[in-house]
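Thanks for making time this morning.

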Amino acid sequence: MQTFQLAGATINICQNKEKLAEKLATHFVDLAKASIEADGRFTVALSGGSTPKALYSLLATDEYAKQIAWDKVFFFWGDERCVPHDSPDSNYRMVNEALLTKVPIPKANTFTTEGQEKNPEEAAKQYEQKLKEFFQLGANKYPAFDLVLLGLGPEGHTASMFPGSVALTEPQRIFMTVYVEKLSAFRLTLTLNAINAAKNVCFMVAGEDKADILSTIISQTARTSENKLPAACIQPSAGHLEWFIDRAASMKLGLDILHTTIEA
Ligand code: 6PG
């Protein structure tokens, strides 16, 4: 594995998707231990998508699960589709099948959205209130998740913030509903400000089909270009950003980027 620093972020390039999941699972365990030791809990905003599913399945194996004090772990969803929890498209269902049903995390420690299939805006408001109560937030404050897990979509979206999303410029909301033209569907998502308030943000990006978009995103983060794509806007104000990438997805990272990182 190779590790570089770029624009304040750590970039881990792993041999393949399996090694990527192992590296991030180890990082997850390390963050959990440190957060629980420091604060008595580990708060995580989970990502949807197929890439994170490999991580969740690995965390459910005995090798990793036995290292985690699950009663001190608290799961939230960084975004959710506006479908019932038993829908094949549900991020909750994916996490539940890959992880929640296999580890001893108390049900009270998993905070799911409710009613998004019927009334997205009401579901977003209710979830936002859950976040405010759990993190004991005052007005205009954001939750400082110990970890936010993110994936990268083919056009540069992350969580459910697609290019041009109102969640990118929302000045107050923590969690909101957005209409995604590309999908002709509503989604629920953490806002950019909420994600950038996290202590740790980790992207998982695998596969050669992500090589072009990843190169664009990384170069945007390394430069002060305007009109950045959503994933390039993820720059935690005080927290740490880490990329977990497999070699296939890294193949278009320009040498100038790598030289920058080597010199940094
Ligand atoms: C979702 C995710 C989304 C995902 C990316 C990458 O609900 O779909 O939150 O942001 O992470 O689309 O998905 P893959 O890992 O499946 O490519």
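When I say polar contact, I mean a pair of N or O atoms within 3.5 Å. What we have here is a predicted model, in which local features need pLDDT of at least 70 and side-chain atom pairs count only at pLDDT 80 or more, while totals for chains, interfaces and linings use all residues. Residues are numbered from 1 along each chain as its sequence is written, and side-chain values use heavy atoms, with hydrogens and water left out.

A backbone N or O atom of Ala159 sits 2.7 Å from an oxygen atom of the ligand, and in the side chain of Thr51 an N or O atom is 2.6 Å from a ligand oxygen. For the side chain of Ser47, the corresponding distance to an oxygen atom of the ligand is 3.4 Å.

Turning to the helices (DSSP runs of H or I, at least four residues), the axes, lines fitted to C-alpha atoms over the stretch in contact, of helix 2 and helix 4 come within 8 Å and cross at roughly 30 degrees. The two are therefore roughly parallel, a label for angles under 35 degrees. Contact, meaning heavy atoms within 4.5 Å, involves Lys53, Tyr56, Ser57 and Leu59 of helix 2 and Met94, Val95, Ala98 and Leu99 of helix 4.

Technical notes
Axes fitted to C-alpha atoms, helices over the stretch in contact; angles between N-to-C directions. Parallel < 35°, antiparallel > 145°, perpendicular 65-115°, else oblique. Polar contact = N/O pair within 3.5 Å; in protein donor to acceptor, adjacent residues only side chain to side chain.
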